Amino acid sequence: MSSTSLFNIFLISSLTLLVLFQEVVSVDYGAALTKSLLYFEAQRSGQLPPTQRVQWRADSALRDGSDLQTDLVGGYYDAGDNVKFGFPMAFTITMLAWSVIEFEKQLQAKNELSNALDAVKWGTDYLIKANPQANLIYAQVGDGDADHACWERPEDMMTPRVSYVIDDGHPGTDLAGETSAAFSAAAIAFNKSNPAYSKQLLTHAKLLFEFAKSRPGKYSDSIPIVGKFYNSSDFKDELSWAAAWLHRSMNDQSAIEYLHDEETETGGTRSMFSWDDKYLGAQLILEGHLDESDEKWGEYKSSAEAFICNCIGKGDDSTQRTSGGLLWFQPFNNLQYTTAALFIIQTYSDYLNNVGVDFDGCNEPVTTGDLYNFVQTQVDYILGVNPKNMSYMVGFGSNYPQKVHHRGSSIVSIKKDKALVTCRGGMDVWFKKDAPNPNVLDGAIVGGPDQSDAYLDDRSNYQQAEPATANTAPLVGVLARHAAP
């Protein structure tokens, strides 16, 4: 039997399993959407606003930036730790803003648009502080090594809050490009509700794009310590990503020229879309905005379509899946890649539907309905329609991860017990505690199951049990789309 036949049998079997699970579990996408946005409130750093809904959190890191005599208070903690990493934070903001752009009507229909915009603005307000000059970005706040050696609530933090900088002498094309993309996307998201703020964001976006082009280099080379946590593999994808967003936000001619230049790589068919690889996002953003008869623009289009075909099992190099049918990219925090891929597929499906055509880029005929249903099946898996009947969104359903690898969630709220939790004390008392986390981290998407659909609910299992903002951000728009089809 051929490998293609074996794959088809596997695919049919996986989908059949998911259909059977679907009959048992009813998924409330609206409730999941609400929780996904609550999660970002739990990740806030700085002085919390009166509208804060996640009440087990309190103010934290109120002196960030003081080591360099600047104000870097605010922004988001990236995952289960207490460091503010600018690279994944900017990607998170870009994806949240993109969700608002593509699914504004659905977010409004579920009364979540204002919460989504609040989530974006909490990030962009910080990124504005982090970009006080055209050629300067504060890339990170917090010592990653010291932080990861401790287990403390963010409200109790005693680890060094070191600020790291990208400037003319310390290039970071990737960070500058991603931050530019975040500003451009957010500018579109706020264009109607806050035009003055939108204009401010566009100013930052344009200046950072020029900075990114003029000082080539990886930010993780300029700041070696960040390489242990968010190492950048390249910076050309961020330049294309930034250019694509700048074109979409303000029809910038220099962005078009960069993207069309013969030396600019289109990225080809990617294997994933993530905080470290933006080529696919750039390819998709250009869709419908440029002349596809042009060879270069056509290459962007065909590359994006090839990725989608591979994900749905109708391409030349189909993406792997778990035994139960979940898209599978790699063992460490797989769901961040799955949610990002689902956003790409859903967005492209809606684009095709809006222009009234089906998808003709795969080896077999595909309708926009097929793409919608595929995304829904994957979302259902994440939310509990899977072999373990476990939701990988914390707080959603009756069976979800209880011992999430997350400092603030796993330690009693400072509002209930103000006693200082020290670095080692938190590790000995709370990290090692064999009990569910005292605070439910609603809306967090954990790393997820392994390729055999197994999941170990253990705080020390950071490979599977640690959530991150980059996991949940792409899912916000997808949940809105399926909550209000």
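Where is the place of Gln69? Gln69 is found in the loop between helix H2 (29–42) and E1; helices (H or I, at least four residues) and strands (E, at least two) are DSSP runs, numbered from the N terminus. This is a predicted model, in which local features need pLDDT of at least 70 and side-chain atom pairs count only at pLDDT 80 or more, whereas totals for chains, interfaces and linings use all residues. Residues are numbered from 1 along each chain as its sequence is written, and side-chain values use heavy atoms, with hydrogens and water left out.

**Annotated region**
- An unreviewed UniProt entry lists residues 29–479 as "domain: Glycoside hydrolase family"; UniProt positions are given in the numbering used here, feature names are shortened, and annotations may be inferred rather than shown by experiment.
- Across residues 29–479, the chain is 48% helix and 2% strand, with the end C-alpha atoms 6 Å apart.

**Aromatic pairs**
- The structure contains 23 aromatic pairs (rings of Phe, Tyr and Trp, the last by its six-membered ring, with centres within 6.5 Å; planes under 30 degrees apart count as stacked, over 60 as edge-to-face and the rest as tilted).
- Phe85 and Phe229 form a tilted pair, at 5.6 Å centre to centre and 40° between the planes.
- Phe85 lies in strand E1 (residues 84–85) and Phe229 in helix H9 (residues 227–230), so this pair ties together parts that are 144 residues apart in sequence.
- Phe85 counts as buried because its relative accessibility is 1%, while Phe229, at 21%, counts as partly exposed (buried means under 20% relative accessible area, exposed over 50%, partly exposed in between; 1.4 Å probe, protein chains only).
- Tyr230 and Trp275 form an edge-to-face pair, at 5.0 Å centre to centre and 80° between the planes.
- This pair links distant parts of the chain, 45 residues apart: Tyr230 is in helix H9, and Trp275 is in the loop between helix H11 (253–260) and helix H12 (279–285).
- Both Tyr230 and Trp275 are buried.

**Aromatic cluster and charges over rings**
- One aromatic cluster is formed by Phe91, Trp98, Phe103, Trp241, Trp245, Phe273 and Phe343.
- The charged end of Lys121 sits over the ring of Tyr197, 4.7 Å from its centre (NZ of Lys or CZ of Arg within 6 Å of the ring centre and within 35 degrees of the ring normal).
- The charged end of Lys433 sits over the ring of Trp430, 5.5 Å from the ring centre.

**Positive phi in loops**
- Gln69, a residue other than glycine, has a positive phi near 55°.
- With a relative accessible area of 71%, Gln69 is exposed.
- Asn111, also other than glycine, has a positive phi near 60°.
- Asn111 lies in the loop between helix H3 (86–109) and helix H4 (113–129), and its relative accessibility of 60% counts as exposed.
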